[in-house]
Amino acid sequence: MQTEHRRRWEREYYWKDPEKMRAKNNERYHRRKVEISARRRELRARVPEINAWHSIKGGARKRGIPLMITRDEFIRWYFQQKRICEYCGVPDMTFDFNYYGRPFVFSVDRKDSRLPYSLENICQACYLCNSLKSNYFSYSEWKEIAEKYVRPKWVKRLEALHVA
């Protein structure tokens, strides 16, 4: 019933002047853009596993990287994680800490950047480790560097903030 109603509406209103309807919809979107963005941020904060899934799925599609895991497999994997950075060992924190204007967030990193996203090739990493490792270092090289240099810096900063 609803699809028939929709088709009738499209015939009667939308297709009479599609440019006018597009402009009207665009105007309505821009009026509500702030509200929509706030609602999306709130949803992402409430459901971090879905946010992480959409993040890797979109990133993989954008960069042409194969995604060898399903959403359900990813969510199962996500909940099995300890919520600490695989490289430097810093725990996921819920305080508002910015690293050069970027909020402290955990992300999913590919251990070997040449391989696709698969359960064996992904790990959780803090923003700092994920961005610094990039595709320049191997998993073992970066793990050694992070434990030696990054972790002590984080510990010192977190102690100064009375978090650790």
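Modeller: Glu35 and Arg32 sit three residues apart in helix H2, about one turn of the helix. This is a predicted model, and in it the side chains of Glu35 and Arg32 meet in a salt bridge, with 3.7 Å from N to O. Glu35 is partly exposed, at 42% relative accessible area. Arg32 is also partly exposed, with a value of 34%.

Helix H2, which covers residues 18-46, also holds Arg22 and Glu19. Arg22 and Glu19 are three residues apart, so about one helical turn separates them. They form a salt bridge in which the closest N and O atoms are 2.7 Å apart. Arg22 has 41% relative accessibility and therefore counts as partly exposed. Glu19, at 53% relative accessibility, counts as exposed, because the exposed class begins over 50%.

Another pair is found in helix H6, residues 139-160, where Lys143 and Glu147 are four residues apart, again about one helical turn. Their side chains meet in a salt bridge at 4.0 Å, N to O. A salt bridge here requires the nitrogen to be within 4 Å of the carboxyl oxygen. Lys143 is partly exposed, with a relative accessible area of 25%. Glu147 is partly exposed as well, with 46%.

Some bridges share partners: Arg32, Glu35 and Arg39 are joined in this way into one network. The structure holds seven salt bridges, among them the pairs described here.

Key. Residues are numbered from 1 along each chain as its sequence is written. This is a predicted model: local features need pLDDT of at least 70, side-chain atom pairs count only at pLDDT 80 or more; totals for chains, interfaces and linings use all residues. Side-chain values use heavy atoms; hydrogens and water are left out. Helices (H or I, at least four residues) and strands (E, at least two) are DSSP runs, numbered from the N terminus. Buried means under 20% relative accessible area, exposed over 50%, partly exposed in between (1.4 Å probe, protein chains only).
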